[in-house]
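Trainee: I would like to learn how to read a protein structure step by step. Could you take me through one?

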Amino acid sequence: MADLHAALGRGDLAPPGGDGEAMEISALFRDRYPEMVRLANLLGADDPEDIAQEAFARLIRKHASLRDPAAALAYVRTSVCNLTRNRHRHMRVVRLRTPAARHEDSSEQAVILREDHREVLAALAGLPPRRREAIVLRYWLDLSEREIAAVMGVSPGTVKSNVSRGLAALAATLGERS
């Protein structure tokens with residue numbers, strides 16, 4: 001995957017549609033890759049860099065078939081959310097089938113843990129995945145309820161419910177620690 005990062009950053013990879021699409025994807029990668037890594041990290045991915053790279057790799061394969069090329073960013077965000085969710089499911093199965101192993105943080109996770117936001121991140125990690133996704137997409141990416149609903153594949157009402165209940169749980173958790 002490190003080759004993907006280097007190739008996209010240089011604009012070397014060309015999706016099936018041609019040079020215009022390659023330039024769009026390369027620009028999107030340069031502008032949004034760090035954001036997608038942070039999104040995956042905030043959603044609790046154990047390997048946020050790999051999640052972000054896989055999301056962009058999938059965009060390369062699917063870009064020509066997107067109904068609206070301007071939806072590429074939404075496609076990548078949705079991919080990051082779905083890949084993180086899938087990774088959580090996979091890790092849950094692995095943990096059930098193997099003895100407890102020592103968890104090691106990636107370098108980006110270690111940096112974030114040292115920041116002042118340690119308590120908020122811990123409280124956020126304690127939320128159910130869908131509530132955590134809704135809160136991260138709403139308050140970190142500043143997406144509208146309609147955009148969040150599209151990314152999560154749910155109705156705007158479900159987004160409102162997840163955000164409201166997630167915020168209440170965060171307030172209760174953080175209030176206990178004060």
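Predicted model: local features only at pLDDT ≥ 70, side-chain atom pairs only at ≥ 80, totals over all residues.

Trainee: How many helices and strands does the protein have?

Mentor: Helices (H or I, at least four residues) and strands (E, at least two) are DSSP runs, numbered from the N terminus. In this protein there are nine helices and zero strands, which gives the pattern α-α-α-α-α-α-α-α-α along the sequence.

Trainee: What share of the residues is buried?

Mentor: Buried means under 20% relative accessible area, exposed over 50%, and partly exposed in between (1.4 Å probe, protein chains only). Of the 178 residues here, 37% are buried.

Trainee: What is the span of H3, and which of its residues are buried?

Mentor: The expected span of a helix is 1.5 Å times one less than its number of residues. H3 has 15 residues and reaches 21 Å from first to last C-alpha, close to the 21 Å expected at 1.5 Å a residue. An α-helix has 3.6 residues a turn, so residues three or four places apart point the same way. The buried residues of H3 include Ile51, Ala52, Ala55, Phe56, Leu59 and Ile60. Lys62 is also in H3, which covers residues 48-62, and Lys62 counts as partly exposed because its relative accessibility is 43%.

Trainee: Why does Arg77 count as buried?

Mentor: Arg77, in helix H4, is buried because its relative accessible area is 10%. Contact means heavy atoms within 4.5 Å. Setting aside neighbours within four places in sequence, Arg77 is in contact with Arg32, Glu35, Met36, Leu39, Leu141, Leu143 and Val151.

Trainee: Which residues does Arg131 touch?

Mentor: Not counting residues up to four places away in sequence, Arg131 touches Asn162, Arg165 and Gly166. Arg131 lies in helix H7 and counts as partly exposed, because its relative accessibility is 24%. Arg131 and Asn162 are 31 residues apart in sequence, yet 4.8 Å apart in space, C-alpha to C-alpha.

Trainee: Where is Asp142, and is it buried or exposed?

Mentor: Asp142 sits in the loop between H7 and helix H8 (145-152). At 58% relative accessibility, Asp142 counts as exposed. Asp142 has a positive phi of about 60 degrees although it is not a glycine.

Trainee: What lines the largest cavity?

Mentor: Rolling a probe the size of a water molecule over the atoms shows where empty space is left. On a 1 Å grid over the protein atoms alone, a cavity is a set of points where a 1.4 Å probe fits but cannot get out, and lining residues have an atom within 4 Å of a point. One cavity of 30 Å³ or more is found in the whole structure. The largest cavity holds about 40 Å³ of space, a volume being the space filled by probe spheres set on points joined across faces, edges and corners. Its lining is Leu43, Thr84, Arg85, His88, Pro129, Arg132 and Glu133. Helix H4 (72-97) and helix H7 (129-140) each supply at least two residues of that lining.

Methods. Residues numbered from 1 in each chain as written. Heavy atoms only, no water. 1 Å grid on protein atoms, 1.4 Å probe; cavity = no way out; pocket = protein on both sides within 12 Å on 5 of 7 lines; lining within 4 Å.
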